[in-house]
Amino acid sequence: MLGAGTVGREVVRAFLDRGDALRSADGAILELAGVAVRDVAKSVRGGIPEALLTDAPAHLVADPDVDIVVEVMGGDEPARTLMHGALSTGKSVVTANKHVLAHHGLDLETTARRTGAALRFEAAVGGGTPVLGALALDLAANRIDAVRGIVNGTTNFILTAMSAEGRAYSDVLADAQRAGYAEADPRGDVEGEDAANKLAVLARQAFGQWLDVRTITRAPELVAGGHGPLGITGVTIEDITAAAAQGLAIKLIATASRDGDTVLAGVLPTAVAFDTPLGRTDGVLNRIEVDGEPVGRVAFAGPGAGGPATSSAVLGDLIAIARGVGSTWAGHPSVPRLLRASRPVSSETFEGPSGLRYPVLR
Ligand code: NAP
Ligand code: HSE
């Protein structure tokens, strides 16, 4: 294991408390070979046995006794190099790291396909809510036309508390950090970068193509023209109150839909009708809706962040690899080049007192 923070410590706890339940198809028990962290003493104080710990992640990955690498350290480097190194030598990888997937997913997928290693990443989208596996496997017979939803628990938690309790944005962000929902740098949450990373991963599963994540729009339009602050950073209590008077809740909505050969993709604060399932999705919950042909609309909802919920997806991926299930794309091919996304167009908008123009979703 690489990392034993909010998510990793829950995975370690599962090995220590109920390791008997973690078995491969032939009944062999999965063994935790080691846990790499930056500060070994801190993790010992947190209850992880010292014998398991190291501050040398590259050595752990290279250990010939290690078959599977679980990356829950986060960030870009060294996570990318460590995962790439493991896959290059045929070791399977489980990761929760949507940043690395969104920025280097095509390269990691190509490497895994070349060596036959499995790459699994269910925890990267929706926390404990399974959606990626279902897209590739259970919905494999469908042409997916669109995915949309609430994919960032921190911002939904903040917007819900601002709306229900009239609390200041900075107060609520501190609560989300204490609960373990926010990224190490919470700007990634509130500026929509985390949701855009997740949308790129969702698009790969839905449309069989990695999007250039830098082309996913995150800046809402201004009534006066041009674009406002990224993600939810320009949303005010006054906007939330004015929207509520019209039966609308402000949510950070990620959308991607096919438009001929291109994909329209954005992560924008959106005014969502209260009387819809997305409008009623509150707190840290995520909800992802998928439009497919012939299935119609299918929705996935559940806890989108937090250590215990996310460890469910990480451990599920570990068991899947031990059982020989393969990668999260489940044989669903992908086009070997990045696709630039275009900005989605909205037919109806709501103008907030702040001067932000919100797309409306009914
Ligand atoms: P975290 O609490 O910050 O934990 C990170 C862990 O990785 C810590 O144990 C840290 O060690 C270790 N680490 C970081 N850089 C390292 C390095 N260079 N060498 C060795 N160890 C290193 O992060 P987290 O919230 O668990 O998130 C982990 C990953 O899961 C991220 O990619 C995140 O986006 C993703 N994720 C998180 C959630 C969530 O709800 N938190 C949900 C889904 C996905 P020290 O403690 O010693 O510094
Ligand atoms: N920071 C992320 C969120 C963690 O709030 O959704 C789960 O991916």
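This report describes a protein chain and the two ligands placed in it.

**The chain as a whole**

The model is predicted. The protein chain has twelve helices and 15 strands. Its C-alpha trace spans about 60 × 45 × 30 Å along the principal axes. The chain has 362 residues, and a compact globule with that number would have a radius of gyration near 21 Å. The chain has 20 Å, so the value agrees with a compact globule.

Burial comes next. Of the 362 residues, 54% count as buried. The chain exposes about 15,100 Å². Carbon and sulfur atoms supply 51% of that area.

Take the contacts between residues at least 6 apart in sequence: 70% of them join residues at least 24 apart.

**Around ligand 1**

Ligand 1 is surrounded by 23 residues. The closest are Ala 4, Asp 39, Lys 42, Glu 183 and Gly 306. By class, this shell holds ten nonpolar, eight polar and five charged residues.

Ala 4 brings a backbone N or O atom to 2.9 Å from an oxygen atom of the ligand. Thr 6 also places a backbone N or O atom 2.9 Å from a ligand oxygen. Arg 38 uses its side chain instead, with a polar atom 3.0 Å from an oxygen atom of ligand 1. On its own, ligand 1 exposes 910 Å², and the protein buries 86% of that.

**Around ligand 2**

Ligand 2 has 13 residues around it. Lys 98, Thr 154, Tyr 181, Glu 183 and Asp 189 are the closest. The shell of ligand 2 has four nonpolar, four polar and five charged residues. Two helices take part: H7 (153-165) and H10 (193-207) each supply at least two residues of this shell.

| Residue | Protein atom | Ligand 2 atom | Distance |
|---|---|---|---|
| Thr 154 | polar side-chain atom | oxygen | 2.6 Å |
| Tyr 181 | backbone N or O atom | nitrogen | 2.7 Å |
| Asp 189 | side-chain N or O atom | nitrogen | 2.7 Å |

Notes: Residues are numbered from 1 along each chain as its sequence is written. Chains are lettered from A and ligands numbered from 1 in the order in which they are written. This is a predicted model: local features need pLDDT of at least 70, side-chain atom pairs count only at pLDDT 80 or more; totals for chains, interfaces and linings use all residues. Side-chain values use heavy atoms; hydrogens and water are left out. A residue is near a molecule or strand if one of its heavy atoms lies within 4 Å of it. A polar contact is a pair of N or O atoms within 3.5 Å; within protein, one must be able to donate a hydrogen and the other to accept it, and residues adjacent in sequence count only if both atoms are side-chain atoms. Accessible areas come from the Shrake-Rupley method with a 1.4 Å probe; for residues, only the protein chains shown count as cover. Ala, Val, Leu, Ile, Met, Phe, Trp, Tyr, Cys and Pro count as nonpolar, Asp, Glu, Lys and Arg as charged, and the others, Gly among them, as polar. Helices (H or I, at least four residues) and strands (E, at least two) are DSSP runs, numbered from the N terminus. The radius of gyration is taken over C-alpha atoms; the globule rule is 2.2 Å times the number of residues to the power 0.38. Buried means under 20% relative accessible area, exposed over 50%, partly exposed in between (1.4 Å probe, protein chains only). Contact means heavy atoms within 4.5 Å.
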